[in-house]
Amino acid sequence: MRSRKAKGSAAVLIALCLALAGCGTNNDKAASPNEGTQTDSTGGGEIKVGILHSLSGTMAISEVSVKDSEMMAIDEINAKGGVLGKKIVPVVEDGASDWPTFAEKARKLISEDKVATVFGGWTSSSRKAMLPVFEELKGLLWYPVQYEGLEQSPNIMYTGATTNQQIVPAVTWLLQNHGKKFFLLGSDYVFPRTANKIIKEQLKVEGGELAGEEYTPLGHTDYATVIAKIKEAKPDVVFNTLNGDSNVAFFKQLKDAGITSKDLTTLSVSVAEEEIRGIGTDVLAGTYAAWNYYQTTDTPANKTFVENYKKKYGDDRVTADPIEAGYDAVYLWAAAAEKAGSTDVEKVKTAAKELEWDAPEGKVKIDGETQHLYKTVRIGEVQTDGQFKEVWNSGEPVKPDPFLKGYTWAASLTAGK
């Protein structure tokens, strides 16, 4: 059955599919406004979506810019006609770098605001706090940040890297190029501790050695004791899983202690272009990071993305991996909703399976089994202009393996998963 409303939606779908591969154009079923709580918010001429990030607190240094990229994607899609012929209306909430607040705000967005979906989170603690809320209320969260893996929820789409798309290849590259002795430094919460469990198992089988392991609370600012331990351990590499503004304190104090990138190799997995702005290139030049995207990534889509982001927010602003992954999430959700002809969560999830898009980072695809993305792995070196020079990449998008099923040494980590 074809209605005038469905024909209008088809026009929007065609526009989206100029950028998105894999979107079907043969589904013109109009969405029902009565399909559940966070299942279909298409009543009237608007579709409400949630934006939930830390806009205050220790994680604001990283998360505010992800919120900005998601808002930009919404503005762009609205300028092309919206989704299903309707305008996307963001409902923005502040997780305030507090994990119970993330859970509380997620519940509000789903139950009270009745949003169609939510884009949000950064730390694994925030995601773990939100996960049971989304599963209980049958909502859908698009999570835009690399994480430690060992998780798969039917109510989360993971648009950042999982372990085999960042941490595992980074460790192998470091062992092959920068030495065997690793000092593991992280913030004291889920992601760093789980990531380092994985790294320690990998070091055992790939010929590495653990020189030390330290954790500090989020927001920690005194690294004198940790730096003294690093000096004593004499590692070849510091693998850094600090998050938030603790990175500012650590790297500045490392430099003050007379340790530069010429003396010690440091690779971070939560320091991107946005964090470099806050820490300083005089401190970070020569250090490494592992991501799937850099502002310097050479794709036609990225050139447009960077130009539009700077035009909207200022020439001094930079893009970064989580910023891009948040932007991707909005476009992928919009394409899936158009393909489904509905914002119903189950219909969107079905439509999203194997959906492809030529994203700024390159081609990505939603893995139908895990709801993670296929992503290209990239290692970059910080330059004096605050940008990354890519020194290695995987050559093609890597299939997500959140439970490390492809690694025999990880069997003990994933037992019972």
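Me: Which residues of helix 3 meet helix 4?
Reply: This is a predicted model. On the helix 4 side, the partners are Ser125, Ser126, Ala129, Met130, Val133, Phe134, Glu136 and Leu137. By class, the contact holds ten nonpolar, three polar and two charged residues.

Me: Are helix 3 and helix 4 roughly parallel or oblique to each other?
Reply: The axes of helix 3 (residues 99-111) and helix 4 (residues 124-137) lie 8 Å apart. Their crossing is right-handed. The angle is about 30 degrees, and angles under 35 degrees count as roughly parallel. Helix 3 and helix 4 are therefore roughly parallel.

Me: How do helix 5 and helix 6 lie to each other, oblique or roughly parallel?
Reply: Helix 5 (residues 167-177) and helix 6 (residues 190-206) have axes that come within 10 Å. Helix 5 passes helix 6 in a right-handed crossing. They cross at roughly 45 degrees, while roughly parallel requires an angle under 35 degrees. The pair is therefore oblique.

Me: How many charged residues are in the contact of helix 5 with helix 6?
Reply: Helix 5 contributes Ile167, Val168, Val171, Thr172 and Leu175. Helix 6 contributes Phe191, Ala195, Ile198, Ile199, Gln202, Leu203 and Glu206. Nine of the contact residues are nonpolar and two are polar. The charged count is one.

Me: What arc do the buried residues of helix 7 cover around the axis?
Reply: In helix 7 (residues 224-233), Val226, Ile227, Ile230 and Ala233 are buried. They sit on the same side of helix 7 because their arc is only 125 degrees.

Me: Which residues are exposed on the other side of helix 7?
Reply: The buried residues are covered by elements including strand 6 (181-187), strand 7 (209-216), strand 8 (237-241) and helix 8 (246-256). Helix 7 is followed by Lys234, with a positive phi near 50 degrees. On the other side of helix 7, the exposed residues are Thr225 and Glu232.

Me: Is Ala96 buried or partly exposed?
Reply: Ala96 sits in the loop between strand 2 (87-94) and helix 3. Its phi is positive, about 55 degrees, although Ala96 is not a glycine. Buried needs under 20% relative accessible area. Ala96 is at 30%, so it counts as partly exposed.

Me: What is the relative accessible area of Lys114?
Reply: Lys114 lies in the loop between helix 3 and strand 3 (118-120). Its phi is positive, near 55 degrees, in a residue other than glycine. Lys114 is partly exposed, with a relative accessible area of 42%.

Technical notes
Residues numbered from 1 in each chain as written. Predicted model: local features only at pLDDT ≥ 70, side-chain atom pairs only at ≥ 80, totals over all residues. Heavy atoms only, no water. Axes fitted to C-alpha atoms, helices over the stretch in contact; angles between N-to-C directions. Helix = DSSP H or I, 4+ residues; strand = E, 2+ residues; numbered from the N terminus. Parallel < 35°, antiparallel > 145°, perpendicular 65-115°, else oblique. Left-handed = near helix turned anticlockwise from the far one by under 90°. Contact = heavy atoms within 4.5 Å. Nonpolar A, V, L, I, M, F, W, Y, C, P; charged D, E, K, R; others polar. Buried < 20%, exposed > 50% of the residue type's maximum accessible area, 1.4 Å probe, protein only. Arc of directions from axis to C-beta.
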